[in-house]
Amino acid sequence: MKKHYAGVITGDIVGSTDMSESTRQACLAALKRCFEDFGERDVSGETVGEIYRGDAFQLYTNTPERVFDMAMTIRIALKSIDGSADARLSLSVAPATQRE
C-alpha cells in the first residue's frame with residue numbers, strides 16, 4: 001500500500017501586539033488571501049488554512065511537496081505589507097490518514 005503524506009505549516013505573526021491595528025489587520029487579510037490562493041490551486045481541495053487565537057494560524061495540505069513554497073509565499077506576503085512584518089513558522093511533512 002502506498003503511503004499518503006501531508007504537510008502542515010503552523011505559525012504566528014511576529015510582534016503582532018506591537019503593530020498598529022491597521023498593519024495587523026492587513027497581515028491577517030494577507031494570510032487569508034494566501035490560504036484562499038493555496039486552496040484554489042489544489043485540485044483535490046485538501047489545502048485548508050485557519051487563523052486562530054488572534055495571530056496564530058495553521059495550514060494543512062495533502063500536497064506536501066508545496067509546503068516550502070507556501071511558507072515562503074506567506075512570508076513574502078507579510079513582508080510586502082511592512083518590511084518588519086514576518087511570521088514564525090514550523091513546517092512538517094509526515095504520513096497521514098484520510099481526513100474526515
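Let me begin with L91, which counts as partly exposed because its relative accessibility is 40%; buried means under 20% relative accessible area, exposed means over 50%, and partly exposed lies in between, with a 1.4 Å probe and protein chains only as cover. The model before us is predicted, so local features need a pLDDT of at least 70 and side-chain atom pairs count only at pLDDT 80 or more, while totals for chains, interfaces and linings use all residues. Residues are numbered from 1 along each chain as its sequence is written, and side-chain values use heavy atoms, with hydrogens and water left out.

L91 is found in strand β4, residues 87-95. Helices (H or I, at least four residues) and strands (E, at least two) are DSSP runs, numbered from the N terminus.

I turn now to α2 itself. Its 15 residues reach 22 Å from first C-alpha to last, close to the 21 Å expected at 1.5 Å a residue; the expected span is 1.5 Å times one less than the number of residues. The buried residues of α2 are V67, M70, A71, I74, A77 and L78. They are on the same side of α2, because they cover an arc of only 125° around the axis, the arc being that of the directions from the helix axis to the C-beta atoms. F68, I76 and S80, on the other side of α2, are exposed. The cover over the buried residues includes β1 (5-13), α1 (21-41), β3 (56-61) and β4, where contact means heavy atoms within 4.5 Å.

Buried in α1 are T23, R24, C27, L28, A30, L31, C34, F35 and F38. These residues line one face of the helix, because seen down the axis they fall within an arc of 155°. On the other side of α1, S22, R33, E36 and E40 are exposed. What do the buried residues of α1 pack against? Their partners are β1, β2, β3 and α2.

Next, the charged side chains. The structure holds five salt bridges, a salt bridge being a side-chain nitrogen of Lys or Arg within 4 Å of a carboxyl oxygen of Asp or Glu. One of them joins R24 and E21, at 3.1 Å from N to O. R24 and E21 are three residues apart in helix α1, and so are separated by about one helical turn. In general, an α-helix has 3.6 residues a turn, so residues three or four places apart point the same way. R24 is among the buried residues of α1, whereas E21 is partly exposed, with a relative accessible area of 45%.

A further salt bridge is formed by D86 and R75, whose closest N and O atoms are 2.7 Å apart. This pair links distant parts of the chain, with D86 in the loop between α2 and β4 and R75 in helix α2, 11 residues apart. D86 also meets K79 in a salt bridge, at 3.8 Å from N to O. Is D86 buried or exposed? D86 is buried, because its relative accessible area is 14%. R75 is partly exposed at 30%, and K79 is partly exposed at 35%.

I close with two individual positions. R53 has a phi near 50°, a positive value in a residue other than glycine. R53 sits in the loop between β2 (48-52) and β3, and is exposed, with a relative accessible area of 70%. D37, in helix α1, is partly exposed at 28%. The C-alpha atoms of D37 and L89 are separated by 19 Å, and the two residues are 52 residues apart along the chain.
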